[in-house]
Amino acid sequence: MIERVPVFTIAGSDSSGGAGIQADLKTMTALQVYGMSAITALTAQNTMGVQGILPVPADFLRQQLCAVCEDIPPKAVKIGMIASAEQVQVICHILSQYVLSNIVVDPVMVATSGATLTQQATVAAMQEQLFPLATLLTPNLAEAEVLLEKPVQTVPEMEQAAKCLSEKYHTAVLIKGGHLTADAVDVLYDGEQIYQFKGERFQTKNTHGTGCTLSSAIAAKLAVGCTLQESVQQAKKYVANCMQAGLELGHGNGPLCHNFMI
């Protein structure tokens, strides 16, 4: 009998399949864990951008969360796009009620295309209620700037940003440096030590869903018992392989090849 460790993603749905719930489940399947999902919003989007967002009512989100947790308790949770402050409150209640662990929060605020995905009231609720429950926060440079209200554009600034956010929310922080013009460097601060994860920069426009994929891969690795540092390192390698596979779809920022190994 095949056994799979269950991992839960709470995020928005991407109709084009490159980001959000779809990217999360593809990633979890590729990394041989059992993916489960609760959808916070439907989106009409493709590689060119986001055309529309339809939030799920907070009470129905609660039903999705309870249905999963009561039957198949997850070993890790990835949280992506959240559509409202009411949803934040529901998610935090469920995380506490079911004593969930290995919580990876990707504070999705802006899509790769530049579209704003999260309202300010929702960001404020995430900062106040959700971030302190996280095992790891994974903001990119733009999101780190929003959270700190100051520029984050160099590796030393990334290190300082990771420490500041970690001290503020009492959680580990991974600042994703994929938008740096130099090497693709991510910076992890685990509350005690700084780690740098350097990667090759690929000349590609196919970057749709990279943040979703990375955070889901980290959650998958935490679920099977890897340390935080190991999880980040292995997740970053997985994303690099997905990009390097060279999937060419769409007319804009194309998706990754999540099943490159098949």
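## Sheet, helices and salt bridges in a predicted model

A search of the whole structure finds 4 salt bridges, a salt bridge being a side-chain nitrogen of Lys or Arg within 4 Å of a carboxyl oxygen of Asp or Glu. One of them joins Asp24 to Lys78, whose closest N and O atoms are 2.9 Å apart. Because Asp24 lies in helix H1 (residues 20–30) and Lys78 in strand E4 (residues 76–79), the pair ties together parts that are 54 residues apart in sequence. Side chains of opposite charge can pair when their charged atoms come close.

This is a predicted model, in which local features need pLDDT of at least 70 and side-chain atom pairs count only at pLDDT 80 or more, while totals for chains, interfaces and linings use all residues. Residues are numbered from 1 along each chain as its sequence is written, and side-chain values use heavy atoms, with hydrogens and water left out. Helices (H or I, at least four residues) and strands (E, at least two) are DSSP runs, numbered from the N terminus.

### The sheet

Strands of a sheet pair through backbone hydrogen bonds, either parallel or antiparallel.

Both senses of pairing can be followed here. Strand E1 (residues 6–14) pairs with strand E2 (residues 34–46) in the parallel sense over 8 bridges, and Phe8 has Met36 in E2 as its bridge partner. E2 and E3, in turn, run antiparallel and are joined by 6 bridges; here Ala44 has Gly52 in E3 as its bridge partner, and a hairpin of 2 residues leads from E2 to E3.

### Helix pairs

Two packed helices are described by the angle between their axes and the distance between the axes. The axes are lines fitted to C-alpha atoms, for helices over the stretch in contact, and angles run from 0 to 180 degrees between N-to-C directions; contact means heavy atoms within 4.5 Å.

| Helix pair | Angle between axes | Axis distance |
|---|---|---|
| H2 (residues 58–71) and H3 (residues 85–97) | about 20 degrees | 9 Å apart |
| H3 and H4 (residues 120–130) | roughly 20 degrees | within 8 Å |
| H7 (residues 210–223) and H8 (residues 228–244) | roughly 140 degrees | within 8 Å |

Angles under 35 degrees count as roughly parallel, over 145 as roughly antiparallel, 65 to 115 as roughly perpendicular and the rest as oblique. H2 is therefore roughly parallel to H3, H3 is therefore roughly parallel to H4, and H7 is therefore oblique to H8.

Among the residues of H2 that meet H3 are Leu61, Leu65 and Cys69, and those on the H3 side include Val90, Ile91 and Ile94. By class, this contact of H2 with H3 has 8 nonpolar, 2 polar and 2 charged residues, where Ala, Val, Leu, Ile, Met, Phe, Trp, Tyr, Cys and Pro count as nonpolar, Asp, Glu, Lys and Arg as charged, and the others, Gly among them, as polar.

The contact between H3 and H4 is made by residues including Val88, Ile91 and Leu95 of H3 and Ala121, Ala125 and Met126 of H4. Its classes are 9 nonpolar, 3 polar and no charged residues.

In the pair of H7 and H8, the residues that meet include Leu214, Ile218 and Lys221 in H7 and Val232, Lys236 and Tyr238 in H8. This contact has 10 nonpolar, 4 polar and 2 charged residues.

Terms used: Pairing = 2+ DSSP bridges.
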